[in-house]
Amino acid sequence: MGATALRNGPSPVPAPIDSIVEVRGISKTYGNVEALRGIDLDFPRGKLTSLLGPSGCGKTTLLKIIAGLIRADGGTVAINGKRVSAPGPERAFVFQDFALMPWATVTRNVAFGLELRGTNKAEREETARRYIAEVGLAGFEDKYPHELSGGMRQRVGLARALSVDADVLLLDEPFSAVDEQNRRKFQEDLIRLRTNQNKTFIFVTHSIEEAVYISDRIVLLSPRPGRVSQIIEPEIDRSGDPERIHRDRHYLDTVDEIWQGLKQYVE
Amino acid sequence: MAVSIRTDGEAASLAPLSNRSATGASWDQPILLRLVSIALFAGVWEVAGRIPVSFAFPTFSDTIIAFFGLLADGSLATAYLSTLQPLVLGVVLSAFLGVGLGTICGLWRTGEWLVIPVFIVLQAAPVAAFIPMVTFVYGIGMTAKTLAVMILALPVIVLNTYKAVRNVNGSLLVMCRSFMGTRWQTVSKIILPDASPVIFAGLRLGVAAGFVGVVLAELLITPTGIGDLITFHRSRADYAEMYATIASIIALSTLTLVFLQWVEVRVFRPESRGA
């Protein structure tokens, strides 16, 4: 398999030395549709793990269960060794549809998580300004969401999640409502951001290229019922020019390999 | 007559001209258009009054003169002093009660089942028919007039608020939950601001209905205030004075609604300012 470490089968992966999120035996059924069955997963600290799979494989459901936004029918989620079943300060969510308040400025949207925690205005706006600059939106502090493009709106969503200083960032297909050019730029920025921020990212996507491009670890889910089918750790050097990754041989091989594996689920 | 028509024509033809020259200042245009619209209306009224459409239909200029006459002799001020008390009281009570009740019904199923059917019936009913009943129970004083305002204003405010709260943006609710917002924070920081455009639409309709209520009460219950002024001048065939009174309450109602819109944009939805 060359430089790609690949583990087969639905059996649980041996826990890495330091895993921040531990998912054990999670199952979820909607009516008579089994969305997830017996999911065991560990998410290593400080890494970006993608949940990848065709639609209907329950990847967003799994992410929302980890976030505490959906209740699982069975199994447990533990963050830093502590069981959780509701949203907590150690996790922050980035929404597919941005979920920005249209009546609030960029600054207030970014500071909203802190506003809910009762941080005083001066302090939270100071923090917000820092993260607005971090995601490349300096100068747009007083704009309203409708004045921004899709890509910029999602940057606001990301800055909001960063500003609460959570250990784990949960991103639910954050680029699916963003146009292709902006998505590329955003992915490059995300790679840069990861090296600065030292946070754990859990990223849901249906794009193989996107997953391979940004992830340390890719969890492939198979649909109906959603199960872990493969875990892939693409060993791609992301230290240099992010443009180069698209032409990296390991990158292209891994994309192809995942596609071969997923093909069977696509009608 | 011919003079006034020509003025209007000139004003109308001015509009596209200034439109072309002032493309940058988008605010100039609506104001000019509004003035043209008012001038056009006044012109048509003047013409209709001169034809005349009816012997009981005064011209615009006579009505304006009558209006200043009413202002000068103080009868308009006295009438408004008496009309505004039940009107303001009724509208303010309806606004707070209506938004409060509507919000509770939107958030709480049991409240919805208990309260909403009553207001749906009230909204469908020709509520003016209740006014004699209100008089029968509460007499002819301030209470009856305030109640008349409220039974007209309240249903639309409650129902709009209820619908707005019920149809709040679900993804914002999830967002608030994911950042650990409390129930109270969810209501005050997400639900009410998100619902405010529809709540304010309800408030505008409710305030307009409140004006209807107070005039109806003064025509039907007690001949006081504006209602009395209208009845009095009609009985004396002072049609210009009667129309001046009617026009003045329409103008007041309109100004109140414009003010309400201004408050909404200022306080609740700053992003729609200038949009």
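Student: What makes the meeting of A:Glu115 and B:Lys189 a salt bridge?

Tutor: This is a predicted model, and in it the side chains of A:Glu115 and B:Lys189 come to 2.7 Å, N to O. The term requires a side-chain nitrogen of Lys or Arg within 4 Å of a carboxyl oxygen of Asp or Glu, so the pair qualifies.

Student: How many salt bridges are counted between chain A and chain B?

Tutor: The count is one salt bridge. Polar contact between chain A and chain B is counted for four residue pairs, both residues being at pLDDT 80 or more.

Student: Which elements of chain A each supply at least two residues of the side that touches chain B?

Tutor: They are strand E7 (91-94), helix H3 (112-117) and helix H5 (150-163) of chain A. H3(A) gives the largest share, five residues.

Student: How do the residues of that side of chain A divide into nonpolar, polar and charged?

Tutor: The division is 16 nonpolar, four polar and five charged. In total the contact takes 25 residues from chain A and 19 residues from chain B.

Student: How much area do chain A and chain B bury between them?

Tutor: They bury about 2000 Å², with 69% of it on carbon and sulfur atoms. On the chain A side, A:Leu69, A:Trp103 and A:Leu116 lose the most area to chain B, together 35% of what that side buries.

Student: What makes A:Asn80 partly exposed?

Tutor: The relative accessible area of A:Asn80 is 39%. Buried means under 20% and exposed over 50%, so a value of 39% puts A:Asn80 in between. A:Asn80 also has a positive phi, about 50°, although it is not a glycine. A:Asn80 sits in the loop between strand E5 (74-79) and strand E6 (82-84) of chain A.

Student: How do you know that the peptide bond from A:Arg224 to A:Pro225 is cis?

Tutor: Omega is near -10° for that bond. A:Pro225 belongs to the loop between strand E10 (217-222) and strand E11 (227-233) of chain A.

Student: Where is B:Pro52 found?

Tutor: B:Pro52 is in the loop between helix H2 (28-50) and helix H3 (60-72) of chain B. A cis peptide bond joins B:Ile51 to B:Pro52, with omega about -15°.

Student: Which residues have the most contacts inside the largest nonpolar core?

Tutor: They are A:Val21, A:Val23 and A:Leu41, in a core of 85 residues. A:Val21 touches residues including A:Leu41, A:Phe43, A:Ile66, A:Val77 and A:Ile202, not counting residues up to four places away in sequence. Apart from that core lies another, of 32 residues, among them B:Val91, B:Phe211, B:Ile226 and B:Ala240. In soluble globular proteins, nonpolar side chains tend to be buried together.

Student: How many helices and strands does chain B have?

Tutor: Chain B has 11 helices and zero strands. Of its 275 residues, 40% count as buried.

Student: What share of the contacts in chain B between residues at least 6 apart in sequence join residues at least 24 apart?

Tutor: The share is 73%.

Methods
Residues are numbered from 1 along each chain as its sequence is written. Chains are lettered from A and ligands numbered from 1 in the order in which they are written. This is a predicted model: local features need pLDDT of at least 70, side-chain atom pairs count only at pLDDT 80 or more; totals for chains, interfaces and linings use all residues. Side-chain values use heavy atoms; hydrogens and water are left out. Contact means heavy atoms within 4.5 Å. Buried area is the accessible area (1.4 Å probe) that two parts lose on being put together, summed over both. A polar contact is a pair of N or O atoms within 3.5 Å; within protein, one must be able to donate a hydrogen and the other to accept it, and residues adjacent in sequence count only if both atoms are side-chain atoms. Helices (H or I, at least four residues) and strands (E, at least two) are DSSP runs, numbered from the N terminus. Ala, Val, Leu, Ile, Met, Phe, Trp, Tyr, Cys and Pro count as nonpolar, Asp, Glu, Lys and Arg as charged, and the others, Gly among them, as polar. A nonpolar core is a set of buried Ala, Val, Leu, Ile, Met, Phe, Trp, Tyr and Cys residues joined through side-chain atoms within 4.5 Å. Buried means under 20% relative accessible area, exposed over 50%, partly exposed in between (1.4 Å probe, protein chains only).
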